[in-house]
Amino acid sequence: MTNGKNEVLQVADLTKTYQCGQRSLTVLEGVGFALATGDTCSIVGPSGSGKTTLLGLCAGLDAPSSGNVTLCGHPFGSLSEDERAAVRNEHVGFVFQSFRLIPTLTAIENVMVPAELRGRNNARPEAAALLADVGLGDRMDHFPAQLSGGEQQRVALARAFINRPDILFADEPTGNLDSETGEHVVDLLFRLNREAGTTLVLVTHDLDLAAMTDRIIRLHGGKVVSDTRTATALAAMEG
Amino acid sequence: MDRWIWRFAARDTRGNRGRLLLFVSSMVLGVAALVSINSFGDNLKAAIDQEARTLLGADLSLESGSPFNERVEAIIDSLGGTQSRRTSFASMAFFPRTGSSRLVTVRGNQEGFPFYGAVETDPPEAATSYLESGGALIDGTLMQQYDIVIGDSMRIGGMDYRVEGRLLQTPRESAAVMLFSPRVYVPLARLDTTLLAAGSRADYEVYFRFEDERDADAAIEPLQSELRGYRVGTDTVEEERENWNAALTNLYRFLGLVGFTALLLGSLGVASSISVYVRQRIQTIAVLRCYGASVRSTVWVYVFQAAGMGLFGAFLGSGLGVLIQTLIPQVLADFLPVDVDFRVSWPAVFMGSGIGLGVTLLFALLPLLSLRDVSPLMALRSGVETGPRRKGWAWWATVGVIGLGTTGFAVAQAPSVGMGLGYAGAILIVFLLLAGTARLLMAVLSRRPPVGVSYTIKQGIANLHRPNNQTLTMMLALGLGTFLVTTMLVSEDTLVSQITVAGDTNRPNLIFYDIQPAQVEPVRQVVMEQGLPILEQTLIVTMRIHAVGDRTVQELREDSTARATWAHRREYRSTFRDHLTDSETLVSGIFTPAWSGEGAIPVSVEQDVANELAVDIGDSIVFDIQGILVPTVVGSIRTVDWRRMQTNFFVVFPAGSLDAAPAMHVIMTRTDTEAQSAQVQSAVVRQLPSVSAIDLSLILNTFEAIFSRIAFVARFMALFSVLTGMIVLAGAVLISRFQRIEESVLLKTLGASRKTVLRIMSVEYLVLGFAASLTGILLALAAGWSISIFVFDAPLSVPFASVGIIMASVVVLTLVIGHLNSRGVYDRSALDVLRSEV
Ligand SMILES: Nc1ncnc2c1ncn2[C@@H]1O[C@H](COP(=O)(O)OP(=O)(O)O)[C@@H](O)[C@H]1O
Ligand SMILES: [Mg+2]
C-alpha cells in the first residue's frame with residue numbers, strides 16, 4: 001500500500017486528557033510529527049512525560065481527546081476499534097518492555113500469532129526462519145517460561161517482523177533487560193529493521209539508544225520540547 | 001479468522017487443562033444427577049409399559065366395599081372371560097406357637113389370579129399349592145418380625161391355617177404398602193365369613209382375563225356409570241398403567257429437581273473459576289488486540305474454551321449418570337411395582353448433557369462478556385486495571401436467559417407448575433441471601449479491625465476481602481449445602497415429632513375396634529383383667545353423604561360443571577356424644593350436646609370438610625346410614641387436632657340422635673411394653689376373633705421405617721449438591737493458590753514461621769465456615785418454618801444437637817478442604833513464584 005517516500009505516520013495536534021474524578025489531567029498536548037517509510041525515530045523524556053501514551057495513540061490502541069493520527073493512509077479518528085485492529089494487523093509490529101509473549105504458546109507459535117490473525121496458515125517456515133535469524137533456531141518449541149528475558153525479547157522481535165510491518169512500535173525494549181543482553185537485542189532490532197526497511201518508533205529514556213535513530217523527539221510534561229536530527233542521521237546523510 | 005479462533009483456543013488451554021477440568025468437574029455431578037434420574041425414569045416408564053398387565057394381574061377388575069348385588073353379578077356374568085374372585089379385609093391373625101397376634105390384611109384368593117405376572121413365594125411352588133391344601137402365605141417381613149416359620153399354624157377368626165410359604169412379591173402391592181399392613185393369602189373358600197359382619201370393612205373384587213383379546217376399556221366404558229351408581233369401581237390395565245406412571249413420574253421428577261440444584265451450584269462454580277481464569281488472561285488478550293484481533297474474536301476464543309469444558313463435563317457427567325442409574329432401582333426398590341431393567345436412555349443422556357453444556361456456557365458468558373472491555377493498551381501498561389465492569393445489556397440479557405431457563409426447566413421438570421415456580425423462587429432467594437450475606441461479611445470485615453487484634457486474625461480476615469477473593473463462591477458452595485441438609489433434617493424432625501405426640505404418657509396407644517355392641521363388655525373385661533385402663537370408649541357409625549343442600553351427590557357427580565370432592569364421596573365414620581374432646585375446638589356455631597328428637601339433627605362438621613362441601617352453619621346435609629336417609633343441619637364447625645392419636649371424627653352427632661343406627665364400638669387402652677401389648681391382643685383375639693386391634697407404636701415404627709427410606713432417597717439426591725459444593729469449594733481454594741503462594745513467600749521473606757502462615761489460613765477458613773454454615777442454617781430454619789406451616793400444618797421442631805453437628809462438620813470440612821488444597825504453599829520458594837507465569 002505504501003510506496004516510495006510516502007508518509008507512514010502522521011500525527012497532528014494530538015491531545016490526551018484523563019479524567020480523574022473532578023480533575024482533568026492533560027497528559028499530552030499539541031503533539032505533532034510525521035514519519036516516512038524507513039524513518040527511525042526515538043521518543044525520549046522523563047518518566048511520566050507521556051511517551052507510552054503517545055505510542056499507544058500512534059498505534060491506535062487508544063483514542064485521543066483531540067487531534068488526528070493517520071497510519072499508512074488510514075485516519076484512525078474515523079475508524080472503529082475493530083477497524084483500527086485490522087489496520088494494526090496489516091501494518092504494525094510491536095515490541096513491549098515486558099516482552100508480552102503468550103505464556104501458553106511455544107516460541108514459534110508466538111511468532112506465528114500475527115500471521116495467523118491475518119488468516120495465513122502457512123507461516124511456520126517463515127516463523128522458523130525468523131527465529132533462526134534471532135538465534136533461537138533450537139528453542140522453537142520452548143514455552144516463554146523456559147526462556148530467559150533476553151531470549152523472550154528476541155522471540156518478541158521475530159513476532160514483530162513476521163507480518164512485514166510498515167511500522168514498528170517499541171516501548172522501552174531494553175527496559176527489563178541487563179545492559180549486555182539489552183545491547184544484543186538492540187543490535188538485532190536495528191538489523192531486522194534495516195533489512196526490512198521498516199519505519200521505527202522507539203520509546204526510551206536511554207539516550208545512547210536514542211542516538212542510534214535518525215530523529216529524537218523530546219517530551220516533557222506532555223509537550224514536545226525538541227525534535228532533532230541525530231548525528232547518526234547527519235552521518236547517514238553525509239554518507 | 002474463524003480457524004484461528006478455535007486453533008488458538010485449543011493451544012491456549014495448554015498448561016491449564018488440569019485447571020480447566022477442575023473447574024468443569026463442579027458441574028459433572030449435576031449432569032450426572034439429571035442424566036441418572038431421567039434415564040431411570042425412562043426405563044421405569046418402559047418397564048411399566050411392558051409389564052402393564054402384570055401391574056393389574058388381569059385385563060379388568062371390578063371392586064366394591066360390599067358384596068356385589070344381583071344386577072352387578074349379572075353384569076359380571078355377561079362380561080364372561082375367565083374370572084377369579086378375591087375378598088380382602090383387615091383382621092387379627094393369631095399365631096399359637098409364639099402366642100403373638102397382629103393386624104393383617106387377609107386376602108381370600110381363588111385359582112387363576114394373577115392371570116399375568118406371578119405371586120413370588122418361597123418356596124416357589126407354594127404360590128399355587130396353598131389354594132388346594134387350604135394353607136396360607138404370609139408377608140415375608142411379617143414372618144421375620146414375628147418369628148414365624150413355615151409349618152406354623154395361624155388362626156384368623158375361627159379358621160386355622162398352616163403357613164406354607166412366605167410372600168415375596170405380589171401384583172399391585174409394593175413393599176412399602178406391605179410394611180403398613182402385612183398381607184396374608186388364604187383360599188377364598190376357607191375364609192371365616194363371620195368376620196365379614198355388617199359394618200366392618202371388606203373389599204370384594206373380581207378379576208377378568210379375556211382370551212378374545214377384547215379391549216377392556218371399551219368393554220367397560222358403557223357400564224361405568226351404572227356400576228358407579230352401585231359403588232363398584234373398575235380398573236383396567238390402561239388405568240393402572242396411567243396411575244403408576246403419574247405417581248412415579250412425580251417421584252422421579254421431584255428427585256430430578258433436587259439434582260438440578262447441584263447443576264446450578266456447579267455452574268456458579270464454573271462461572272467463578274472462569275472469571276478468575278480470564279482475569280489471568282488479560283495480558284494475552286491485550287497482545288492479541290495489539291496484533292489485530294477483533295473484540296468479538298477474542299471473546300469467542302474463550303467461549304470456545306468454555307464450550308470445550310462444558311462438552312467434556314457433559315460427557316463425563318453423562319457417563320457417571322449412567323453408572324449411578326444402576327444404583328437408583330436399589331434405592332427405590334420398595335416403591336416400585338415392577339423390576340426396572342438397566343438400559344441407557346439416550347434422550348435422557350442428550351437432555352442432561354445438553355442442559356449441562358447450555359448452563360455452563362451461559363454462566364461462563366457472564367465473566368466472558370467483560371473481556372470486551374480489555375483494552376490493547378494493557379499490553380503497554382500492566383498496571384491498568386479493567387475499568388469499572390460494564391454490565392451492559394448483554395450481561396443482563398444473559399442473566400435473564402439464565403433466570404428464564406432455570407424457571408422454565410424447573411417448571412418442566414417439577415411434578416406441578418406451582419412446585420416448579422416455588423423451586424425457582426426458593427433457589428433465587430437462597431442464592432440472593434447467601435450472596436448478600438457474603439457481601440455484608442466482606443463489608444464488615446474490610447473495616448479497620450479494633451486495636452489489639454492479633455496479626456494472624458487481621459491477616460486471615462483480610463484474606464477474605466482481598467482482590468480476586470473467592471469469598472462469594474465459597475459462601476454459596478458451603479451455604480447451599482448446609483441449607484439443603486439442614487432443611488431436610490428440620491422437615492424430617494417436624495414430621496416425626498408430629499407423629500410421636502402419640503407417644504405421650506397417658507395417651508392411648510392400643511385400640512380395639514370392630515367391636516359389636518354385645519362384645520363391648522367382654523372386651524372391657526379382658527382388658528381390665530390384664531390390669532390395663534379403659535382410656536376411651538367410642539361408638540362409630542358408618543355413613544355416606546346422600547345430598548348437600550338440595551343437590552344429591554349423584555347429581556353432582558353427573559354434572560360436569562359441579563365439583564364432587566373427596567368429601568362428597570368418602571365414607572364417614574361418625575360418632576355421637578354430648579361434649580367436645582380436648583382435641584376439638586369450636587370455630588363457629590353452637591355445639592348441641594343432645595338431640596330433642598325433632599327436625600333435622602344439628603351436627604358438628606370439621607372445618608376442612610365444611611370447606612370442601614362448601615357448607616356453613618344452617619346448611620343441610622342428608623346422610624345415608626346403611627340405606628336410611630337421615631337429614632341433618634350444620635350446627636357448628638370445629639377444628640380437630642389430628643395429631644392426637646385418638647379417635648377423631650369429621651362429623652359429630654349429638655347424643656341420642658343415632659341410638660338406633662348400627663354402631664361399632666372402639667375401646668382404647670395404654671400398654672407400657674411390647675410384651676404387654678402382645679399379651680392383651682392375644683387374649684382378646686382368642687376370645688373374640690372378630691375384634692381388631694391396632695398398636696399405635698407399631699404404626700409409628702412402620703411409619704418411621706417408610707419415612708426414613710423416603711428421606712434416604714431425598715438425601716441421596718441432595719448428596720449431589722453437597723458434593724458439588726465441596727468440589728466448588730476445593731476449586732475456589734485452588735484458584736487462589738497462586739495468590740496464596742505469593743503471599744506466603746512474602747510473609748516468609750518477612751520472617752513469618754510456617755505456623756503463622758497456617759494460622760492465618762485457619763482464621764480465614766474458620767470465619768468462612770462459620771459465616772456460611774450459620775447463614776445456611778438460618779435460611780434452612782426459615783424454610784423449615786414455612787414448610788411446617790404450609791405443608792405439615794404443625795409447629796416447627798428443630799433437632800438442635802444435629803444442627804450443631806452439621807455446623808461443626810461444615811466448619812471442620814472447610815478447614816480440611818482449605819488446608820488440603822493449600823498443601824505445600826509454604827514450601828514454595830520465592831524463585832518458584834518469580835518463574836511461574838500465571
Ligand atoms: N489511564 C490513565 N488515567 C490517568 N492517568 C494516566 C493514565 N495513563 C497514564 N496516565 C498518566 O499519564 C502520564 C503519562 O504516562 P506515560 O505515558 O506512561 O508516561 P511515560 O511512558 O513517559 O512514563 C502519567 O502521569 C500517568 O500517570
Ligand atoms: Mg512508559
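Where in chain B does Gly269(B) sit, that is, in which helix? Select residues 237-279 of chain B: that run is helix H10, and Gly269(B) is part of it. One thing to keep in mind as you look around: this is a predicted model.

**Stop one: Gly269(B)**

Show the surface and look for this glycine. Is Gly269(B) buried or exposed? Its relative accessible area is 5%, and buried means under 20%, so Gly269(B) counts as buried.

Now pick out what touches it. Setting aside the neighbours within four places in sequence, Gly269(B) has contacts with Ser26(B), Thr473(B) and Val728(B).

Gly157(B) and Gly269(B) are separated by 112 residues in sequence, and their C-alpha atoms lie 65 Å apart in space.

**Stop two: where chain B meets chain A**

Colour the two chains separately and go to the interface. On the chain B side 31 residues make contact, and on the chain A side 36 do. About 3000 Å² is buried between the two chains, with carbon and sulfur atoms giving 57% of that area. To see which chain B residues lose the most area to chain A, select Arg11(B), Tyr291(B) and Leu380(B); together they account for 27% of what that side buries.

**Stop three: ligand 1**

Next, centre on ligand 1 and bring up the residues around it. There are 13 of them, and the ones that come nearest are Gly48(A), Lys51(A), Thr52(A), Thr53(A) and Arg381(B). Why call the site shared? Because the residues surrounding ligand 1 come from both chain A and chain B.

By type, the shell holds five nonpolar, six polar and two charged residues. Switch to cartoon for chain A and find strand E1 (7-20), strand E2 (23-36) and helix H1 (51-58): each supplies at least two residues of the shell. Which element gives the most? That is H1(A), with three residues.

**Last stop: backbone and ligand oxygens**

From Ser49(A), a backbone N or O atom is 3.2 Å from a ligand oxygen. For Gly50(A), a polar backbone atom is 3.1 Å from an oxygen of the ligand. At Lys51(A), the backbone N or O to ligand oxygen distance is 2.9 Å. Zooming out, ligand 1 on its own has 560 Å² of accessible area, and the protein covers 67% of it.

Conventions:
Residues are numbered from 1 along each chain as its sequence is written. Chains are lettered from A and ligands numbered from 1 in the order in which they are written. This is a predicted model: local features need pLDDT of at least 70, side-chain atom pairs count only at pLDDT 80 or more; totals for chains, interfaces and linings use all residues. Side-chain values use heavy atoms; hydrogens and water are left out. A residue is near a molecule or strand if one of its heavy atoms lies within 4 Å of it. A polar contact is a pair of N or O atoms within 3.5 Å; within protein, one must be able to donate a hydrogen and the other to accept it, and residues adjacent in sequence count only if both atoms are side-chain atoms. Accessible areas come from the Shrake-Rupley method with a 1.4 Å probe; for residues, only the protein chains shown count as cover. Helices (H or I, at least four residues) and strands (E, at least two) are DSSP runs, numbered from the N terminus. Ala, Val, Leu, Ile, Met, Phe, Trp, Tyr, Cys and Pro count as nonpolar, Asp, Glu, Lys and Arg as charged, and the others, Gly among them, as polar. Buried means under 20% relative accessible area, exposed over 50%, partly exposed in between (1.4 Å probe, protein chains only). Contact means heavy atoms within 4.5 Å. Buried area is the accessible area (1.4 Å probe) that two parts lose on being put together, summed over both.
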